[in-house]
Amino acid sequence: MARRRFLADLGRGTLAAALSLFGYRLYRRRDNVATVWQINPFKCIQCGRCATHCVLDMSAVKCVHDYPMCGYCDLCTGFFQPNPIELNTGAENQLCPIDAIKRHFVEDPYFEYDIDETRCFGCAKCVQGCTQFGNGSLYLQVKSELCVGCNECRIAANCPANAFVKRPVDDPYIVKHLGPEAAEESSLIA
Amino acid sequence: MRRAQSWFLVVSGSALACLLSGCGREEMTPPEALAVADTPSVRALPFRLTQVKTFGALPAGAAGICSGPDGGVIVAGEAEVAVLGRDGSALRRWTISQPATCVAFDGADNVLVGHARSVSVFGRQGNSRGSWGKAGRGEGEMWLVRGISVSGANVYVADAGNRCVHRFAADGDFIATLGRRDREAGIPGIVVPSGYLDCVTIEEDGVLVTNPGRWLVERYSGTGELKAAFGKRGLSAGQFPGCCNPTNIELLPGEPFLVAAADKSIPRVQVFSPNGEVMACTDADVFADDASGIDLARGVGLAFYALDTSRQTVVVLELEPAGPVAAAELEKSVRKP
């Protein structure tokens, strides 16, 4: 009889402990906001690791275009090699290795440049050219609909510039033309 | 049991230490900068630009400079204008109500400070003489003033927002617009992809204007006729790099004149003859890598000032011959002050 009572008490105690722990965990998570990985474009140095270190076959990092910052230049330094043979869409003139940037004539001498995200794999060659010689309107962002949300993002772990941050899931992207202060404001240190 | 426990502690402690120290992370090496064409031709140019001195202590957010009284320089910033001597010493300062984008001195008693959509006029002592200019996209209206130049009774205002140069009288009365596209007149139009535009007056009624989106320096008459242009896109000395250069321009004494033009993305200053032949180019390390909108101002003789907007310093550059042939040429062709 004493043993049965002991086992019954042990069972109740274990159940109580488990329920308490569960309640405590729920209490701790009450203020947590779901977050996603993102790249701070003001820290990114276009090293190319976004293309090679993502766990996905095709990186979840894509180039995006901040059109208000763009000069719509004939010689777009994010589209063309530094000294292009000719200003046309020939592969030998382009920086992008996979023809993911589409060049559309607007009016003399302005052209619009659009990113084909189905082709872009985040190598940052265009971002480097645009940042170094242009207005910096092309930059890399993690696409939250593609990213699988690794607890330890392999790209973030290997980013030489510590450019990866966490953003609220309902505000996942950084809009570059709003400036670096706005980028820092709602981003959490990764 | 105790031995197993101690082994467990040793192994887990080692694993934790390894994790914290970053074992398994790859070595971080910064990437190479985007390859830029080598410019050995800078060394082969007949003249060189020597960095004589640099001075700081400028008004915060310095954005524009111009020749000042007695060979000095006037610097305009976000909230202040400073008149500096040739050695960089502050002679006079006064506050302004709006951030300045450019500044000009008429050589007599008027300092014109350009703001985004207006021009303020001050006396040499900083006493305000009012302001003029109307914001807008229409004829004679200003949207983003980035350069200003005064010659006699004419004030030329480079408006990057409206992609043109306005000509005003000294009191602000609008006279003409220069640089708008006109196919019949053979004017291709000024293209401004990055918000930089500058102009400088030429004594015999005319103005030189940068056309950064077309990689040109253009010369217009006071009535808007396009007289001449030079320039070519490219990375080498004598060419204008990237998507949109040159950004700033100044005249140097020469026969008839020399043109100093500043570039961004490869921050440098180049000096050209009036027909576009490159004569000198600064070395790679004169300006900060991210300097842009390097404003220029004439100094004394062949020395001139360049504003490093990133480091917030004024660099004094001097044009010197690189060899005896160039020295003789300089003696013959460059007008001494």
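**Notebook: strands of chain B, domains of chain A**

I began with strand 6 (residues 102-105) of chain B and found that 4 bridges join it to strand 7 of chain B, the two running antiparallel. The model I am reading is predicted. Strands 6 and 7 of chain B form a hairpin with 4 residues between the strands, and in it Gly107(B) has a positive phi near 85°.

I then followed strand 7 to strand 8 (residues 119-123) of chain B, where 5 bridges pair the two in the antiparallel sense. Asn110(B) has Gly123(B) in strand 8 as its bridge partner. The link between strands 7 and 8 of chain B is a hairpin of 4 residues.

I moved back along chain B to strand 4 (residues 80-84). I counted 4 of its 5 residues as buried, so strand 4 is largely enclosed by the rest of the structure. On one pairing, strand 3 (residues 73-76) of chain B meets strand 4 in the antiparallel sense over 4 bridges. Ile74(B) is bridged to Val83(B) of strand 4, and a hairpin of 3 residues connects strands 3 and 4 of chain B.

Strand 4 of chain B is also joined to strand 5 (residues 90-95) of chain B, by 5 bridges and again antiparallel. Val83(B) turns up here too, with Arg92(B) in strand 5 as its bridge partner. The hairpin of strands 4 and 5 of chain B has 5 residues between them, and Gly88(B) in the turn takes a positive phi of about 90°.

Then I looked up a sheet in chain B. In what order do the strands of this open sheet lie? I read 4 strands in the order 1-24-23-22, with antiparallel pairing. Strand 1 (47-55) and strand 22 (296-298) of chain B are at the edges with a single partner strand each, so one side of each has no neighbour in the sheet. Neighbouring strands of this sheet are turned by 30° against each other on average, direction ignored. I found 8 antiparallel bridges between strand 1 and strand 24 (residues 313-321) of chain B. Leu49(B) stands opposite Leu319(B) in strand 24.

Last, I turned to chain A, which is divided into domain 1 (1-31) and domain 2 (33-189). Taken over C-alpha atoms, the centres of these two domains of chain A are 51 Å apart.

Methods:
Residues numbered from 1 in each chain as written. Chains lettered and ligands numbered in written order. Predicted model: local features only at pLDDT ≥ 70, side-chain atom pairs only at ≥ 80, totals over all residues. Pairing = 2+ DSSP bridges. Axes fitted to C-alpha atoms, helices over the stretch in contact; angles between N-to-C directions. Domains from an automatic or database assignment. Buried ≥ 20, exposed ≤ 12 C-beta atoms within 10 Å, placed from the backbone.
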